[in-house]
Amino acid sequence: TLRLISTASLAPQGDATFDGVEVSFEGATLKSPALSIIELSNTGTRPIPADDFEAPIEVFTTAPAAIVQARLKSTRPADLAPTLSTVDGKVRIAPLLLNPNDKIELIVLTSNGPIGFATRARIAGVSHIPVSDPVTAKATRRYWFRTSVAAALTAVYVCVMFEFIML
């Protein structure tokens, strides 16, 4: 599972901007830069040997955002040593043994707007790597809760009005 832990914008937005302030990386100016922490973990019950990978795991963003750089933040277990590379706006994680509950935490620098992460991998016995975004999930739950409450209040109102009209 790939899980978005947090995202923070590195540039002021809207009215809080300042003329002449820009964020750059290795000499290139970044538009709408952000830092995200993502976690890749084996949430299954079986180990995934390095030989089960057809190619490296790729983590990328949805358009128009692009990954500028990624760094290893932490691993569990501590001696897990993933090999990372950032190529063409994608983070590639070289095949490695991932035991159940092993985790790789990355700090990812992105540019060009709103961030959504996706993965691409060919791993024997794994059809896809699910992506979990708790921020989006929380907003979706809040929307459905509000919609349900509004529907319930509407139903109560209709019942009360119907009773009032029948009097």
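Which residues touch the most other members of the largest nonpolar core? Select Ile38, Ile57, Val59, Ile93 and Phe117, out of 21 residues in that core. A nonpolar core here is a set of buried Ala, Val, Leu, Ile, Met, Phe, Trp, Tyr and Cys residues joined through side-chain atoms within 4.5 Å, and buried means under 20% relative accessible area, with exposed over 50% and partly exposed in between (1.4 Å probe, protein chains only).

Before going on, know that this is a predicted model, where local features need pLDDT of at least 70, side-chain atom pairs count only at pLDDT 80 or more, and totals for chains, interfaces and linings use all residues. Residues are numbered from 1 along each chain as its sequence is written, and side-chain values use heavy atoms, leaving out hydrogens and water.

Next, select the open sheet: four strands in the order β7-β8-β5-β10, with antiparallel pairing. Strands are DSSP runs of E (at least two residues) and helices runs of H or I (at least four), numbered from the N terminus; two strands pair if DSSP finds at least two bridges between them. At the edges, β7 (84–87) and β10 (117–120) each pair on one side only.

Now zoom in on β5 (residues 57–61) and β8 (residues 90–93), antiparallel strands joined by four bridges. Click Phe60 to find Lys90 of β8 opposite.

Finally, move to helix α1 (residues 134–166) and pick Tyr157. Is Tyr157 buried or exposed? Tyr157 counts as exposed because its relative accessibility is 54%.
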